[in-house]
Number of protein chains: 2
Amino acid sequence: MGEFELIRHYFAAAPCAQAGDGVALGIGDDCALLALPAGQQLAVSTDTLVAGVHFPDAAEPFLLGQRALAVAASDLAAMGAEPIGFTLALTLPSVAEGWLQGFAEGLNRMASQCRLSLIGGDTTRGPLSLTMTVFGRVPAGQALLRSGARAGDLLCVGGVLGDAAGALPLVLGQAEAVDAVAASLLAHYWSPPPQFGLGLALRGKATAAMDISDGLLADCGHIASASGVALALELEALPLSNALLALLGRQAAQTAALTGGDDYVLVFSLPPEHLPALRAEGWPIHVLGQVREGQGVCLLDACGHDITPAVRGYQHFRETP
Amino acid sequence: MGEFELIRHYFAAAPCAQAGDGVALGIGDDCALLALPAGQQLAVSTDTLVAGVHFPDAAEPFLLGQRALAVAASDLAAMGAEPIGFTLALTLPSVAEGWLQGFAEGLNRMASQCRLSLIGGDTTRGPLSLTMTVFGRVPAGQALLRSGARAGDLLCVGGVLGDAAGALPLVLGQAEAVDAVAASLLAHYWSPPPQFGLGLALRGKATAAMDISDGLLADCGHIASASGVALALELEALPLSNALLALLGRQAAQTAALTGGDDYVLVFSLPPEHLPALRAEGWPIHVLGQVREGQGVCLLDACGHDITPAVRGYQHFRETP
């Protein structure tokens, strides 16, 4: 395993921890040490990606490195946390220098973009997979939980939905699209920017928040369940990109937005009085519906009719509690 | 993947986070939240174990659960940190209920023993592997690093060495031993108790410390390198268990102690004036040698002759910087 020592070189370009940014001791000892300002709490989340399950074995390593960190970091943004750092547990069948260099470049690019420092990790031999644990800080009591949505709040999302689901057949080589459409969708799939700025802006305003990973309906189900409320979504309010509409047409694009997953935009409940100020600050907030008393998630057509049964049966939606 | 929801039940018996023990929010949201008392830093370490590489595919799941957490937690003890919690990223080829129940029981047993709360994780489908990230707290400036050893310090370990290396052929079914010997060695392999108490006792006394995972010589090499000193070890001072001596004889037992790895006892440098008080407190401290000016690690026989070249050539030792 001595060769694995070499791997460290590839990650040397990751952002270095600076004094005062929360990392008191980085890579190289038994543990890293994180320091928090008084009154702050540490937000922690772990995500694993397995080759052949979460990404194709032949995935471009630069893109994989970017996406793996973005997906993990999105959980910090969803808590309203500010980024500190991350650990990388990388399992590799062998040391392929070209692959490692590309992966490290993609990882380092996203780390710089997110201001996350690599603080430690483990490198082992085995079937390709990676586990990221990400760390952020948030003032005590100000984290955005899933459990605070209240009847009367608006239900909102922070960006267009369904692009990653639309991109998946392109990623898997099962479909093709004209260049402009493919580029736009693939960019969202491979490099979904964690919404740290929006998460910060929602502190003290949003009553519940999470990032959309399982799909809008499934994740709304998690908020409804944790908050003990019902969520009513309007089909015609779903924000859809022109690229997705061009690829799939409106009906399939709506289905992708509802059930596709991997969007990594924030979905949140917001008392209506906060909407004008947030929009004035320029945040791309789309109102999808309302929080109501009750339980579960329902989908309404343009006439206000409940059309939820028509979209049931999709795998992700079945998982909704 | 809906069946993976079931897995949560198996870990429900893990110790629950109590208010005030550092976990402000546990499993169930986008992130866990950790709270630290003023003046404390958070210690973080990540370890991955892969089936067929770090443990046999057929390993007893209860034992695997115990050992996986113990190995990860040992890094916290080596920093002088007190335990807070851990995340578990578990990748499984399928949901085998018997396996999961055994694994969870072993994990929960060690978590209770170490006072570590399960605060989050991820469960994915794929080749069997697990990544633990462990969290502890230590007063700012009091963590035990690898870098503080000074000429004149004693070099010490916190327990017998080589038992896990002696057990490995038994674990792999490549050797047999009489019951009493096998039981003693296998206990050390499958359930090495993290030395949290000793780590705490060494705060403010030891000048450098780490836990022995790669083998005594290799890990001493890490301390020598990080501290910019030389370490001189005396062969006859190696603490060896009766079980290891019975299985291997003295010479092979010494080799196991020097190069075998997986001991998970602390190795540390200690100014001599602190030794009597620590021994009076009952800590099982064995003095192996001295810290000197210079660099590297050397091994001395009973006459003080340098016999280092005779033990070079072992894989782990080759990794020493």
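This is a predicted model: local features need pLDDT of at least 70, side-chain atom pairs count only at pLDDT 80 or more; totals for chains, interfaces and linings use all residues.
## How the two copies are related

Two copies of a chain are related by a rotation about an axis and a shift along it. Here, chain A is superposed on chain B by a rotation of 180 degrees, with 0.0 Å of shift along the axis. The RMSD of that superposition is 0.0 Å. The two copies are therefore related as by a two-fold rotation axis.

Which C-alpha of chain A is nearest the axis? That of Ala38(A), at 3.1 Å from it. Both copies use the same surface: 100% of the contact residues of chain A recur in chain B.

## The contact between the chains

Chain A brings 48 residues to the contact, and chain B brings 48 residues. On the side of chain A that touches chain B, several elements each supply at least two residues. Among them are strand E2 (32-34), strand E3 (40-50) and helix H2 (61-78). Strand E4 (82-92), strand E5 (117-125), strand E6 (129-139) and strand E8 (208-211) of chain A are also included.

Which element gives the most to this side of chain A? E3(A) does, with 9 residues. By class, the side of chain A that touches chain B divides into 24 nonpolar, 14 polar and 10 charged residues.

Leu33(A) stands opposite Ala43(B) in E3(B). Within chain A, E1(A) and E2(A) pair over 2 bridges in the antiparallel sense. There, Leu25(A) stands opposite Leu33(A) of E2(A).

## Two domains in chain A

Chain A is divided into domain 1 (4-139) and domain 2 (154-318). Taken over C-alpha atoms, their centres are separated by 26 Å. In chain A, 18 residues of domain 1 are in contact with 18 residues of domain 2.

H2 and E4 of chain A each supply at least two residues of the domain 1 side. H2(A) gives the most to that side, with 11 residues. The domain 1 side has 12 nonpolar, 3 polar and 3 charged residues. H2 of chain A also supplies at least two residues of the side that touches chain B.

## A helix pair in chain B

Two packed helices are described by the angle between their axes and the distance between the axes. The axes of helix H4 (residues 163-171) and helix H5 (residues 179-190) of chain B come within 8 Å. These axes cross at roughly 105 degrees. That makes H4(B) roughly perpendicular to H5(B).

Which residues make this contact? H4(B) contributes Asp163(B), Ala164(B), Gly166(B), Ala167(B), Leu168(B), Leu170(B) and Val171(B). H5(B) contributes Ala182(B), Leu185(B), Leu186(B), His188(B) and Tyr189(B). By class, the contact has 9 nonpolar, 2 polar and 1 charged residues.

Notes. Residues are numbered from 1 along each chain as its sequence is written. Chains are lettered from A and ligands numbered from 1 in the order in which they are written. Two residues are in contact if their C-beta atoms, placed from the backbone, lie within 7 Å. Helices (H or I, at least four residues) and strands (E, at least two) are DSSP runs, numbered from the N terminus. Ala, Val, Leu, Ile, Met, Phe, Trp, Tyr, Cys and Pro count as nonpolar, Asp, Glu, Lys and Arg as charged, and the others, Gly among them, as polar. Two strands pair if DSSP finds at least two bridges between them. Copies are superposed by least squares on the C-alpha atoms of residues with pLDDT of at least 70 in both. Domain bounds come from an automatic or database domain assignment. Axes are lines fitted to C-alpha atoms, for helices over the stretch in contact, and angles run from 0 to 180 degrees between N-to-C directions. Angles under 35 degrees count as roughly parallel, over 145 as roughly antiparallel, 65 to 115 as roughly perpendicular and the rest as oblique.
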